[in-house]
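My notes follow the view.

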Amino acid sequence: MTTLPTVFITGASSGIGATYAERFARCGHDLVLVARNKSRLDALAMRLREQHQIAVEVLQADLTNSAELPALETRLRHDARIGILINNAGMLQSGHFLEQSPEAIESQIALNITALTRLAAAIAPRLAQSGTGQKGRQEIKYRLDKPQMSNSKNERYEQKQLHPDGKIP
């Protein structure tokens, strides 16, 4: 039996991140959920454990704080169970760009660029060495998208099969 990789999801406490967590849990993946709001993470983790009988770990972290990144980078670099990174954390600033303070711009760059890049750089060498990065991404995308098909474009996609090399046509 093949063991599914653990999925590390940032911005997992609500919205798209929580949706990714739900979909990966439904597929049987263990999860590492990261976000600032620990109470929402804990509630989501409890629900996913109960509904899907998977392991869920919660890591509270503010990705705009560079001092909190090294622990996450170390985890991604060395935990061989983690085979998928969903870099979902991100934010938009309200108002027009001209109205943004230097601090708000710096915070947005820290989260949307710096943290995202550092976390991806932490896991990338291990995934590249194992040969799982590209193929795994395509297989997971197919599995996550397939159950939610509804429009004609997606119905055509659903009918396609994976090639023997794991690529989606």
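1. Arg75 and Asp79 are both buried (under 20% relative accessible area; over 50% is exposed, partly exposed lies in between; 1.4 Å probe, protein chains only). Their side chains meet in a salt bridge, 2.8 Å from N to O (a side-chain nitrogen of Lys or Arg within 4 Å of a carboxyl oxygen of Asp or Glu).

2. A word on the source. This is a predicted model, where local features need pLDDT of at least 70 and side-chain atom pairs pLDDT 80 or more, while totals for chains, interfaces and linings use all residues. Residues are numbered from 1 along each chain as its sequence is written, and side-chain values use heavy atoms, without hydrogens and water.

3. Asp79 also pairs with Arg81, with the closest N and O atoms 2.8 Å apart. Arg81 counts as exposed because its relative accessibility is 54%. Asp79 has 10%. A network of salt bridges links Glu57, Arg75, Asp79 and Arg81.

4. How many salt bridges does the whole structure hold? The search finds 6. One of them joins the side chains of Glu73 and Arg118 at 2.7 Å, N to O. Glu73 sits in helix H3 (residues 69-78) and Arg118 in helix H4 (residues 102-130), so the pair ties together parts 45 residues apart in sequence. Helices are DSSP runs (H or I, at least four residues), numbered from the N terminus. Glu73 is buried at 10% relative accessible area; Arg118 is partly exposed at 27%.

Key
Helix = DSSP H or I, 4+ residues; strand = E, 2+ residues; numbered from the N terminus.
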